[in-house]
Amino acid sequence: QVGLVESGGGLVQAGGSLRLSCAASGGTFSRYAMGWFRQAPGKEREFVAAIRRSSGGYVADSVKGRFTISRDNAKNTVYLQMNSLKPEDTAVYYCACRDGGITTSEYDYWGQGTQVTVSS
């Protein structure tokens, strides 16, 4: 069983930045592909970014050029750097992991989420 705990969310003005962190426990972190997802009120959960076991990944078109995903396997942590934030980025952000290759869906374990609110 893998535990994931997100942190770093909060309230920020449009154009600002936040860095989300997700700390993993209970597994071999370097085995897992990691992903970030978000869910805005009244909307379905959507894919944001994913990163391979060692490094290298991709982000959704909606955040390309603004968001970057990275990981530190020594710290069992994955990050989501969010720049040039827009009000439409407001959502609960979740991290997830899977034992396998990266994908935009089909993750095995999920965190509890962290709220990001971008004011205009």
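**Strands and their partners**

Q: Over how many bridges do strand 4 and strand 9 (residues 91-98) pair in the antiparallel sense?
A: In this predicted model, local features need pLDDT of at least 70, side-chain atom pairs count only at pLDDT 80 or more, and totals for chains, interfaces and linings use all residues. Residues are numbered from 1 along each chain as its sequence is written, and side-chain values use heavy atoms, with hydrogens and water left out. Strands are DSSP runs of E of at least two residues, numbered from the N terminus, and two of them pair if DSSP finds at least two bridges between them. Within the pairing of strand 4 with strand 9, A33 stands opposite R98, and the number of bridges is 7.

Q: Why is strand 4 (residues 33-39) largely enclosed by the rest of the structure?
A: A residue is called buried when its relative accessible area is under 20% (1.4 Å probe, protein chains only), exposed when over 50%, and partly exposed in between. Strand 4 is largely enclosed because, of its 7 residues, the number buried is 6.

Q: Which residue takes a positive phi in the hairpin of strand 4 and strand 5?
A: Strand 4 and strand 5 (residues 46-51) are antiparallel partners over 5 bridges, and M34 stands opposite I51 in strand 5. This hairpin has 6 residues between the strands, and the residue with a positive phi near 75° is G42.

Q: Which residue in strand 8 stands opposite R71?
A: An open sheet of 4 strands, with antiparallel pairing, has the order 1-3-8-7, and its edge strands, each pairing on one side only, are strand 1 (3-7) and strand 7 (67-72). Strand 7 pairs with strand 8 (residues 77-82) over 6 bridges in the antiparallel sense, and the residue opposite R71 is V78.
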